[in-house]
Structures are given as C-alpha cells and as structure tokens.
Amino acid sequence: MSHIEITGARQNNLRNVSLKIPKQRITVFTGVSGSGKSSLVFGTIAAESQRQLNETFPPFVRNRLPKYGRPDADHIEGLSAAVVIGQQRIGGNSRSTVGTVTDIHTLLRLLYSRVGTPPAGYSNAFSFNDPAGMCPECEGVGRKVALDLDRALDRTRSLNEGAILLPGFGVGTWYWKTYASSGLFDNDKPLTGYTPEEWDLFLHGGGTTVSFETRGGTVPQKFEGLVVKFDRLYVNRDGEQTSRRAEVMTFTSTRPCPACRGARLNPAALACRIDGRNIAELSALEIRHLVGIVQGIDGPVAAAVVPPLLDRLRHMVGIGLGYLTLDRPTATLSGGESQRIKMVKHLGSSLTDMTYVFDEPTIGLHPRDVANMSALLRALRDKGNTVLVVEHDRDVIEIADHVVDVGPRAGTHGGEIVYEGGVAGLREADTLTGRHLRRVRPLKEGFRTPSGELTVTGANVNNLRDVTVSFPAGVLTVVTGVAGSGKSSLVNEAFLAAHPRAVVVDQSAVGTSIRSTPATYTGLMTEIRKLFAAASGASPALFSFNSEGACPACQGLGVIHVDLAFMDGVTSVCETCRGRRFQEEVLRHTLRGRSISDVLEMTVSEAAEFFTEPKPRRVLRSIEEVGLGYLRLGQPLSTLSGGECQRIKLAGELSRSGGVYVMDEPTTGLHMADVERLITIIDGLVDAGNTVIVIEHDLDVVKSADWVVDLGPGGGDQGGTVVFEGTPRSLLEATGSVTAEELRRDLT
Ligand code: ADP
Ligand code: ADP
Ligand code: ZN
Ligand code: ZN
C-alpha cells in the first residue's frame with residue numbers, strides 16, 4: 001500500500017476528517033496552535049500504530065507498556081511501525097551521557113580496544129558502566145560526595161570548644177571522644193594552629209593505633225580520621241546512620257573524583273592512548289573537533305570501526321550539535337537537544353519502512369542550522385521511511401513532499417483539513433498558513449526608548465567569556481545566536497541570578513492537579529462562585545467541584561477511572577452526575593438561567609458575553625486577548641498544549657506594569673499566525689511599562705525587537721561572547737554575525 005489512509009477521525013476537536021498520507025515521503029502538518037495537528041498526528045496516527053504494536057505482545061507484556069486507547073476514528077489502514085521523536089528530555093542518571101545514548105561511546109570503546117596502546121582489554125575495559133573499566137573510587141560516576149570541611153569545621157575553635165560542627169560530633173559525645181580522648185591532639189589548640197602532620201592525622205588517620213578507655217578496660221583501636229570516618233558512616237554505604245543521613249548530607253559537596261579526576265575510568269583504561277589521547281580526553285572534546293581526530297586514525301584494524309563512528313559524529317555536527325561533548329550528562333540537555341540526539345540514533349539504524357513522527361524538530365535551532373536538519377529528514381526518507389513532521393518553520397515546510405494544513409483556526413473552530421497537497425499549492429491556498437507563507441514581515445519602524453538598564457557583569461556560566469551586557473529596561477530585547485552560543489547561560493542563569501525579581505514565562509504545564517481548569521487557574525472560579533452564591537443565597541463553597549458541591553461518586557472529576565488487572569484501564573463518564581461534576585441539588589441553583597455546570601461548559605468567549613459583571617469580564621477578556629477564547633472554562637489544564645499554557649500565563653500578566661519578563665523560545669509550537677499574535681501580546685506588555693527579554697530564533701520576533709543582543713560567533717567553545725548589541729536596523733549592517741546574515745536573507 002502506498003498510503004496511510006485515515007477515515008472518519010474524531011479525536012478531540014477533529015471533525016470526522018478523512019485523508020491519505022503518502023508513504024516513504026515527508027509530510028509536514030501545519031496549522032495554528034490548537035487546530036488539531038497533535039490530535040491527528042500523535043493522538044490518531046501514532047497512537048493507533050502503537051496500539052496495534054502492543055496488541056502483538058502477550059497480555060503480561062502489554063500490561064507493562066504505556067497505555068494507548070483506541071483513537072476515535074472509523075478506519076486507519078496502511079500503517080507501519082511508528083517511532084515518535086518528541087521533545088521529552090532524555091534525562092537519565094549521571095551514567096547516561098551524550099556518548100552512551102547515541103552509541104558513539106560504544107564505537108569509541110571498540111576503537112580503543114583494537115588500536116589503543118598499551119592494550120587494556122576488550123571493549124568493556126573502557127566502559128565506565130562496567131566493573132572492568134570503571135574507576136573503583138567513584139564507581140564510574142566521575143564525581144564523589146565528600147565532606148565539605150568549610151562547613152563541617154570551625155577552624156577558629158579547638159576540639160574542646162566544639163570545632164567539629166557535624167551533628168553527632170558535639171563536645172562530650174562518643175564520636176567527639178574518638179578525637180578528644182585519642183591523646184593525639186592538644187584539645188585546647190584551635191584547628192588553625194595544627195601542623196600539616198596534625199591535620200593529616202586528624203582528617204585521614206594514617207594507620208595509627210590508639211588506646212581507648214572503656215568500661216571494660218583499655219582497648220587498642222585503629223584511629224580513624226574524620227574524613228575516613230565520615231565516608232564509612234555516610235558515604236560508602238547506607239549504613240545504620242540513615243536517620244541522620246539527610247541532615248549530614250548538608251555538610252557535603254559533590255566534587256570531581258580525586259582518583260580519576262572526573263574521567264570515570266580506572267588507571268589501566270586511562271593509560272591506553274590513541275595518538276597520545278585517552279578515551280576520557282576524547283570524550284571531553286567538542287564533537288566537531290573529534291571528527292578531525294577520528295578521521296586521522298587509519299590502519300586495517302581501525303577500518304571497521306572508523307567509518308560508522310565518523311558517520312554518527314558527522315550527523316551530530318550536521319544536526320547542529322557539534323558543540324556538545326560526548327561526556328555531557330544527558331540530564332543537562334534541553335528538550336530540543338534531546339530530540340536531535342534521538343534523531344541521530346535513528347539515522348544510524350538500518351530499519352526501513354518505519355514511520356517517524358517529529359514534533360517541531362527545529363526547536364532551539366538557529367535558522368542557519370535548519371537546512372542541516374532538513375537534510376537529515378530527507379536522509380531518513382531516502383532510506384525508505386515515512387516521515388511525518390509537525391512544524392511551523394518556513395524552511396522545513398519548503399522541503400515537504402506533501403502538506404496537510406489543519407484549521408481553519410483553533411479548538412472548536414478548527415479540526416478540519418483545509419489544504420492537502422504540494423508546497424506550491426499551499427503558497428496559493430487561502431488558508432492562514434498559505435497567507436503567511438506569501439508574506440514577509442517587514443522590519444519594525446521606530447524603536448522604543450529605554451527607561452533604564454539591567455546589567456549582567458562578568459558572567460562566566462558554562463561557555464560565557466566574562467560577558468558584561470546591559471539590557472535596556474522598558475523595551476523588548478531579543479537574544480539571538482546559534483544553538484550552544486550561550487543564550488540560555490546568559491539569560492536563564494546569569495541574568496536571572498542577578499535579577500531574581502524577573503518572572504519567567506515558559507510553556508511548562510500550569511496547575512499540577514487534574515482538577516485545575518482555566519477557571520480555577522485565573523481566579524475566575526472564585527468570582528463565579530460568589531455570583532452564584534449571591535443569586536441563590538447558598539454558600540459559595542457549594543459551587544465548587546473541589547469541595548461541598550462535588551458529586552460524591554466521582555469526587556467532582558466527572559469521570560471515573562477503573563484499573564483493570566490485565567487490561568488497559570478504562571475511564572468512563574460518571575453515571576451519577578453524568579459528567580457534570582456536581583450534586584443534583586447544586587445544579588438546581590441558576591444564574592440568569594444557567595447552572596454552574598452549564599457555565600463550566602461555556603467557552604471563554606461565550607462566557608465573556610454571558611458575564612456582565614466587571615471582574616469576571618476583565619479576566620475573560622484578557623484570556624480572549626491572548627487568543628484562547630475557544631477554551632472551555634472547565635477543560636482540564638492538563639489537556640493544554642505548551643503554547644496554550646504559555647498564553648494563559650501571559651493573560652494573567654497583562655494588567656501589571658514595572659515587571660521584568662523572561663521568555664525562552666516562546667514561539668515553540670506556534671504557527672506564523674500565532675507568532676503574530678504573540679508579538680502583539682508582548683508589545684502590549686512592553687507598552688504597559690514592562691521589560692521583556694526573549695531568547696528567540698524566529699526572525700519575525702527579531703524584526704519586532706527594540707534591541708538585539710547576539711551571542712556567538714559559534715556554539716560551545718566558539719561562542720560565549722556578545723558579537724552584536726543594537727537595534728534590528730543596525731543588525732542588518734553588522735558583519736561577523738550569522739544572525740545578521742539570516743536577517744538579510746529573510747528580508748530580500
Ligand atoms: P495542535 O497540535 O494543532 O496545537 P491539538 O491537537 O493539541 O492542537 O488540540 C486541538 C484541540 O483539542 C485544542 O482545542 C485542545 O485544547 C483540544 N484538546 C487537546 N487534547 C485534548 C484532550 N485530551 N481532551 C480535550 N480536549 C483536548
Ligand atoms: P544556547 O542557549 O545558546 O543554545 P547554552 O547556554 O545552552 O546555549 O549553552 C552554551 C554552552 O554551554 C554549550 O557549549 C553547552 O553545551 C554548554 N552547557 C550548557 N548547559 C550546560 C551544563 N549544564 N553543563 C555543561 N555544559 C553546559
Ligand atoms: Zn573516579
Ligand atoms: Zn460524578
């Protein structure tokens with residue numbers, strides 16, 4: 001079959017849509033945020049593929065797999081196994097690094113086992129996750145928890161004055177006596193007066209035996225230095241002291257392992273070298289530098305390992321990750337970096353006829369790097385795979401073999417396929433996407449005058465090189481630069497550390513409870529309950545599905561979830577309240593003819609018409625202003641996309657002034673039409689007297705800035721400096737800035 005065929009899809013807001021997607025081609029899904037792209041691509045296509053795959057497993061395996069319900073559609077045919085490459089961070093423990101998750105480290109180990117000298121063994125001898133290779137001191141973690149002497153000791157005091165601050169070591173205690181009664185120290189001498197020999201003895205012991213007085217007489221005992229004792233009691237094993245462990249850990253710090261100095265490997269593995277470098281040194285190099293070194297390794301033994309290794313390293317560079325090092329812990333990677341790394345793994349695989357599903361692969365990528373990303377998508381296709389991409393980036397839309405445009409707008413105003421076909425046709429199409437593709441946003445005229453400045457002085461976080469920069473207050477500043485140039489380090493770390501008052505508006509989920517809704521989050525629910533109480537004479541608490549008024553059967557959730565032992569759990573509408581969340585008697589009270597349940601079913605726009613009272617009206621208007629008029633007041637916040645979460649947070653800020661707001665790639669997940677709206681919202685925030693600093697690659701946002709701070713010139717060790725500061729107009733003239741080049745390209 002040459003197509004994936006979907007008939008009658010109705011997941012979430014989809015309106016009974018049917019479509020055919022060509023296999024072994026790149027199909028890009030476009031449409032405004034909330035139009036239904038995810039419902040189609042993830043909620044329908046990927047979910048059905050996963051469900052079909054799960055059905056091939058025996059029940060006890062199936063029970064351990066993530067649960068995928070049957071998507072709401074009549075037929076889905078022609079699916080192949082789907083792999084979703086999303087933006088979930090790889091995370092992982094400290095043993096998971098860029099090298100290990102991409103399998104590059106495995107190849108590097110193989111290389112050392114074959115051509116390294118002196119030979120150290122097979123390839124496990126180079127693995128920090130294998131006892132054969134790991135540093136015995138830190139067990140391959142490279143870092144160790146150690147007693148922080150500055151916190152554990154008051155060196156101005158003597159033992160008798162309580163120089164040891166650790167809990168359990170107070171004057172007169174048993175542990176204190178192991179030092180004070182050892183006869184080795186002058187108990188009245190402050191620690192600062194100790195000779196180097198005394199220090200060493202006090203901290204490390206050094207094999208001395210001392211006599212201790214006990215009730216049973218004098219016993220000889222090996223004297224244990226403070227550091228050694230501490231390690232034995234708290235660090236090297238969980239020990240019997242667990243009750244005190246948490247408290248004691250506040251007297252520690254994590255440092256590079258003293259034995260391997262952070263290299264994670266044992267001495268034999270570290271002695272083995274290729275061209276004078278050991279495997280840990282290679283892993284600490286930026287990948288783009290590593291390429292040159294690996295290229296230089298030749299000889300018949302290396303021939304089998306070098307080509308696949310180079311292949312992967314080049315993919316990493318091609319995908320804009322050349323600035324990473326293989327030893328970088330995956331837990332420190334951003335969502336976009338994580339996604340690109342997962343992509344490298346799949347490019348290395350020989351599977352064909354798979355369906356790869358990407359969620360905005362250009363996140364975190366400078367326009368300069370988007371072309372490389374597109375080349376990799378093509379490479380996946382050319383290996384015989386079907387590539388589905390949810391993406392807003394013009395340059396990625398350009399490489400599509402087929403486009404599915406979902407719309408016309410968001411939520412209940414979306415859910416239809418408004419265009420299917422080639423890119424040329426999309427450019428002509430009368431859809432939001434088509435219209436935005438045809439139009440290039442001009443550079444803004446006239447820039448705002450700053451009301452002051454917010455300075456970062458001498459920042460050295462990560463790759464930053466003593467950066468001092470002033471952000472003008474009361475205007476919109478956009479921070480640009482290629483991936484890895486240091487934007488997050490400057491804004492999210494250095495700036496936020498210097499200006500803790502700043503508010504970060506991100507796309508993370510709002511409201512942690514499954515009971516949160518737009519109405520509860522914005523404080524609207526309190527107002528609505530008061531109005532119902534005033535109209536009925538009942539208590540406001542009665543109108544809350546979180547307390548008195550809640551349906552007792554479902555505790556106000558409106559649904560009941562049943563876990564079944566060997567099958568997928570089932571969620572069904574609560575029969576008692578028929579999904580209305582409230583007790584019957586609560587629903588008898590009405591406000592202008594509507595029950596509280598009716599009100600929660602309203603969209604924000606409907607509610608803005610219904611409520612004439614100023615307070616709820618103001619809140620509802622601000623939600624409408626950020627383009628979320630289509631959300632229902634009672635819709636669980638857990639169903640909101642990242643972009644929707646960001647906008648509902650912004651809605652709450654629109655009435656303030658004098659604030660400082662920081663946003664990291666706010667256009668993530670946003671269609672060109674959404675970006676336009678976001679710019680309008682940000683402009684409103686700035687006009688109200690706030691300062692906004694945005695990290696962004698989207699050139700439409702750059703063109704709307706009053707001030708640009710461009711970092712670079714490259715990523716990693718080639719970045720970390722400010723290459724340009726000024727208005728977007730003067731950026732156009734700047735030399736030595738890749739952002740300037742992209743801006744010129746965009747405007748011509
Ligand atoms: P897009 O991917 O285009 O941004 P989505 O498919 O995520 O859009 O959402 C389409 C619509 O469906 C939105 O109005 C969204 O709020 C709604 N929606 C998404 N998930 C759920 C859900 N689990 N339950 C109810 N509504 C949902
Ligand atoms: P950008 O935001 O411009 O993509 P970052 O500030 O995230 O850049 O990164 C700048 C440099 O610092 C890169 O070389 C990156 O690999 C490195 N870096 C970022 N975070 C960490 C971290 N937690 N540990 C080590 N290096 C980091
Ligand atoms: Zn070690
Ligand atoms: Zn109920």
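Domain bounds, as used below, come from an automatic or database domain assignment. The exercises concern a predicted model.

**Exercise 1. Domains**

Which stretches of the protein chain make up domain 1, domain 2, domain 3, domain 4 and domain 5?

Solution. 
- Step 1: Domain 1 is built from 3-89 and 334-438.

**Exercise 2. Helices H12 and H13**

Decide whether H12 and H13 are roughly parallel or roughly antiparallel, and describe their contact.

Solution. 
- Step 1: Two packed helices are described by two quantities, the angle between their axes and the distance between the axes.
- Step 2: For helix H12 (residues 287-295) and helix H13 (residues 306-318), the packing angle is about 155° and the axes are 9 Å apart.
- Step 3: Angles over 145 degrees count as roughly antiparallel, so H12 and H13 are roughly antiparallel to each other.
- Step 4: The crossing in which H12 passes H13 is left-handed.
- Step 5: H12 brings Ile287, Arg288, Leu290, Val291, Val294 and Gln295 to the contact. H13 brings Val306, Leu309, Leu310, Leu313, Arg314, Met316 and Val317.
- Step 6: Sorted by class, the residues of this contact are 10 nonpolar, 1 polar and 2 charged.

**Exercise 3. Helices H4 and H13**

At what angle do the axes of H4 and H13 cross, and which residues make the contact?

Solution. 
- Step 1: The axes of helix H4 (residues 104-115) and H13 cross at roughly 145° and come within 10 Å.
- Step 2: The handedness of the crossing of H4 and H13 is left-handed.
- Step 3: From H4, the contact uses Ile104, Leu107, Leu108 and Leu111; from H13, it uses Pro308, Leu309, Arg312 and Leu313.
- Step 4: The contact of H4 with H13 has 7 nonpolar residues, no polar ones and 1 charged.

**Exercise 4. Helices H7 and H8**

Are H7 and H8 roughly parallel or roughly antiparallel to each other?

Solution. 
- Step 1: Helix H7 (residues 196-204) packs with helix H8 (residues 226-235) at an angle of about 15°, and the axes are 3 Å apart.
- Step 2: Angles under 35 degrees count as roughly parallel, so H7 and H8 are roughly parallel to each other.
- Step 3: The contact consists of Phe202, Leu203 and His204 of H7 with Leu226, Val227 and Val228 of H8.
- Step 4: In this contact of H7 with H8, 5 residues are nonpolar, 1 is polar and none is charged.

**Exercise 5. Backbone details**

Solution. 
- Step 1: Thr117 and Pro118 are joined by a cis peptide bond with omega about -10°.
- Step 2: Gln555 is not a glycine, yet its phi is positive, about 50°.

**Exercise 6. Ligand shells**

How many residues surround ligand 1 and ligand 2, and of which classes?

Solution. 
- Step 1: Ligand 1 is surrounded by 14 residues, the closest being Lys37, Ser38, Ser39, Gly411 and Thr639.
- Step 2: The shell around ligand 1 divides into 1 nonpolar, 12 polar and 1 charged.
- Step 3: Ligand 2 is surrounded by 16 residues, of which Thr332, Asn462, Lys487, Ser488 and Ser489 are the closest.
- Step 4: The shell around ligand 2 divides into 3 nonpolar, 11 polar and 2 charged.

Notes. Residues are numbered from 1 along each chain as its sequence is written. Chains are lettered from A and ligands numbered from 1 in the order in which they are written. This is a predicted model: local features need pLDDT of at least 70, side-chain atom pairs count only at pLDDT 80 or more; totals for chains, interfaces and linings use all residues. A residue is near a molecule or strand if its C-beta atom, placed from the backbone, lies within 6 Å of it. Ala, Val, Leu, Ile, Met, Phe, Trp, Tyr, Cys and Pro count as nonpolar, Asp, Glu, Lys and Arg as charged, and the others, Gly among them, as polar. Axes are lines fitted to C-alpha atoms, for helices over the stretch in contact, and angles run from 0 to 180 degrees between N-to-C directions. Helices (H or I, at least four residues) and strands (E, at least two) are DSSP runs, numbered from the N terminus. Angles under 35 degrees count as roughly parallel, over 145 as roughly antiparallel, 65 to 115 as roughly perpendicular and the rest as oblique. A crossing is left-handed if the near helix is turned anticlockwise from the far one by less than a right angle, and right-handed if clockwise. Two residues are in contact if their C-beta atoms, placed from the backbone, lie within 7 Å.
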